[in-house]
Amino acid sequence: MTTDPTPRLRTAEQVGEQAGAVLREMGRAVVGKPDALELVMLGVLAGGHVLVEDLPGLGKTLLARSFATTLGLDFRRIQFTPDLLPSDVTGTPLYDQRTGEMVFHPGPVFTNLLLADEINRTPPKTQAALLEAMAESQVTVDGETRPLADPFLVVATANPVEHEGTYSLPEAQLDRFQLRVRMGYLTAREELAMLRARIDRAAPEAVLDRLAGPEDVLAWRAVVERVEIDDDLLEYAVALVAATRDHPQISIGASPRGGLALVQLARARAVLDGRDYVVPEDIKALAVPALAHRVSLRPELWVREVSTDDVLHEIVGSIGTPTTRRTAAAVSS
Amino acid sequence: MPGAVVAAGVVGALAAAALALRPTEGLLHPGKGPLGQWGIVAIGSSVVWTAGVMAVVGRIRLRFNDYRAVLPPGEERLREIAAPLLLVGAGVVGVLTVVLHRFSRGARSAAPPIVPTQAPTQPEPSKPQPGDGSRDAAPPWSLPLSVLLGLLAVLVVVVVAVAVVRRLRRLGLRVPQRPALAGTVTEEDDARLLLSAVRSGRRALSDTGDGDPRAAVIACYAGMEDALAASGLPRHASDSPADLLTRAVEAGLASGPAAPRLTALFREARYSSHPMDTSHRDAAADALEEIASLLQTREGTS
């Protein structure tokens, strides 16, 4: 474990190296998915929640568990099922016969890293139980508000909506996820390497080392908060978000929360790259993961198999990045 | 959608005009216009038309495929239908012109025409028969006059087309750029273009003198960027510095570590508040010199 006695004084370069070491360690278990791992790490650094969406069997749950192990976070898992109740997530007060009082029994949400496995297999009522926890890091049961652990991170896995036995996630809950990650299939060579690694280690899963702890994550997030971002880049982020609201193929554009998430993720990417300033590449690379799950397409586009990712890629390709020289307004101010 | 209404209106008007001008003798009757008597004119114009359409289609097909404008679903479907029709239909018109044209010679040698008023033999165009009806007489057109009129018509069409395109561009229509064809740029061209980019960057660096190092680095990068764009490297408004660098490297215009180093210096100068001193300016100058020496090496080997 690399606990620093003065975590607040770490530099972006140091954090980038530490987070890079964590990613390399996780790469031993999650083979061939460096992009997905990096995106989840950005969610950790930016203090957001991550939705991992793809077909079953692509390593979503393994990815979440690997993060918990390597980051040394307290880890709980909820397997979402159609009969899961909200109190199964948040906890419930029970009557204690000895004291004659109602005693609150915390649910699995009281942890550092919560794996909400197959979150869209449960009805929206139970999904909504996570809303307050994700947005405000607190839970209110029986009129009493209880704070959650710090850091608190939800990594939810979901199958595509068209899949059998799934409920679509409400827009309000989708908006709470800072980014959406898609795993995708391995290439033939990567799949061969994965099978070879499984045979060589003679165990179902690789045993990962713990390289950090909760206090490290908090220190990393403090470094992210010190990353600077130019006004022109903020305008670029706003232009991207605004374009989702004006696009003819999108019925509901990204919320202001989407713009906040995009900027925060861009700052986290800068830290992961060892920089303490954001560059256009940071925002451009994260526009699709940060915004695609926050927009709704017009219904007629479903039959044409147009995805929100496609539309967001198109928007990113059409919105101009900041000019090489500063704009006159920025220079004069 | 006003565009669709206008298109439908134009097609309807053309159909009405075609019906109004249609010869009463039948669809396949030889033309009575100034050029209708010469089959070679029909064949030649059809061949030229078809060849011209094929050449134009070959040039703009890539642009059509590359065009990815944001359109509502209805208009997008209309575009998908109209694009191939426009490209193929124009060529088919030329072929149909030859296929459907009934040449004068064939008409004379064939069976007598159905319309009795149509004589199988035509009088000499230069000798109109006195007292003959003016409708059956050969038109008093001479070939030079016909060619002159044809050229005049072409001129009018070109002027109208230019005016329409200018008007549409003023309204915001953009013709997409033709995608760059791989392997069309020779190594000598690459070297010449990179040399112009390096010179432009050096000039920008020297213009700032010993003033603000941050401005010097940014100006240096901007000069190189402008030169790359002017030399034909595709440049999009949505490009990040990394995108431009990648494209320049792929085109062989920025091999070696100097260009990435200059790009990194630019990023720090442009997007951070880090203090910049003469060392940064010197590093940018060194990167430029490295690019220049690489270029000279390439020129020496080529």
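Which residues of H8(B) are buried? Before selecting anything, note that this is a predicted model, in which local features need pLDDT of at least 70, side-chain atom pairs count only at pLDDT 80 or more, and totals for chains, interfaces and linings use all residues. Residues are numbered from 1 along each chain as its sequence is written, while chains are lettered from A and ligands numbered from 1 in the order in which they are written.

Select H8 of chain B, where the buried residues are Pro241(B), Leu244(B), Leu245(B) and Ala248(B); helices (H or I, at least four residues) and strands (E, at least two) are DSSP runs, numbered from the N terminus. A residue counts as buried if 20 or more other C-beta atoms lie within 10 Å of its own, as exposed if 12 or fewer do, and as partly exposed in between, with the C-beta atoms placed from the backbone. Look down the axis of H8(B): the buried residues fall within an arc of 100°, so they line one face of the helix, the arc being that of the directions from the helix axis to the C-beta atoms. An α-helix has 3.6 residues a turn, so residues three or four places apart point the same way. After H8(B) comes Gly252(B), with a positive phi near 80°.

Now show both chains: 19 residues of chain B are in contact with 24 residues of chain A, two residues being in contact if their C-beta atoms, placed from the backbone, lie within 7 Å. On the chain B side, the elements giving two or more residues are helix H7 (213-230), helix H8 (241-250) and helix H9 (258-271), and H7(B) gives the most, with four residues.

Next select Asp212(B), in the loop between helix H6 (187-207) and H7 of chain B. Asp212(B) is partly exposed, with 14 other C-beta atoms within 10 Å.

Move to chain A, where five strands form an open sheet with parallel pairing in the order E2-E5-E8-E1-E9; two strands pair if DSSP finds at least two bridges between them. The edge strands, each pairing on one side only, are E2 (75-79) and E9 (179-182). Within the sheet, E1 (residues 50-53) and E8 (residues 153-158) of chain A pair in the parallel sense over four bridges, and Val50(A) has Val155(A) as its bridge partner in E8(A). Then display helix H2 (residues 34-46) of chain A, which lies across E1, E8 and E9 and runs at about 160° to E9(A). For such angles, axes are lines fitted to C-alpha atoms, for helices over the stretch in contact, and the angles run from 0 to 180 degrees between N-to-C directions.

In the loop between strand E7 (144-147) and E8 of chain A, select Pro151(A), which a cis peptide bond with omega of about 5° joins to Asp150(A).

Two further stops concern backbone phi. Glu118(A), in the loop between strand E5 (113-117) and helix H5 (124-136) of chain A, has a positive phi of about 55° although it is not a glycine. Asp142(A), also not a glycine, has a positive phi of about 55° and lies in the loop between strand E6 (138-141) and E7 of chain A. Glu118(A) is buried, with 20 other C-beta atoms within 10 Å, whereas Asp142(A) is exposed, with 8.
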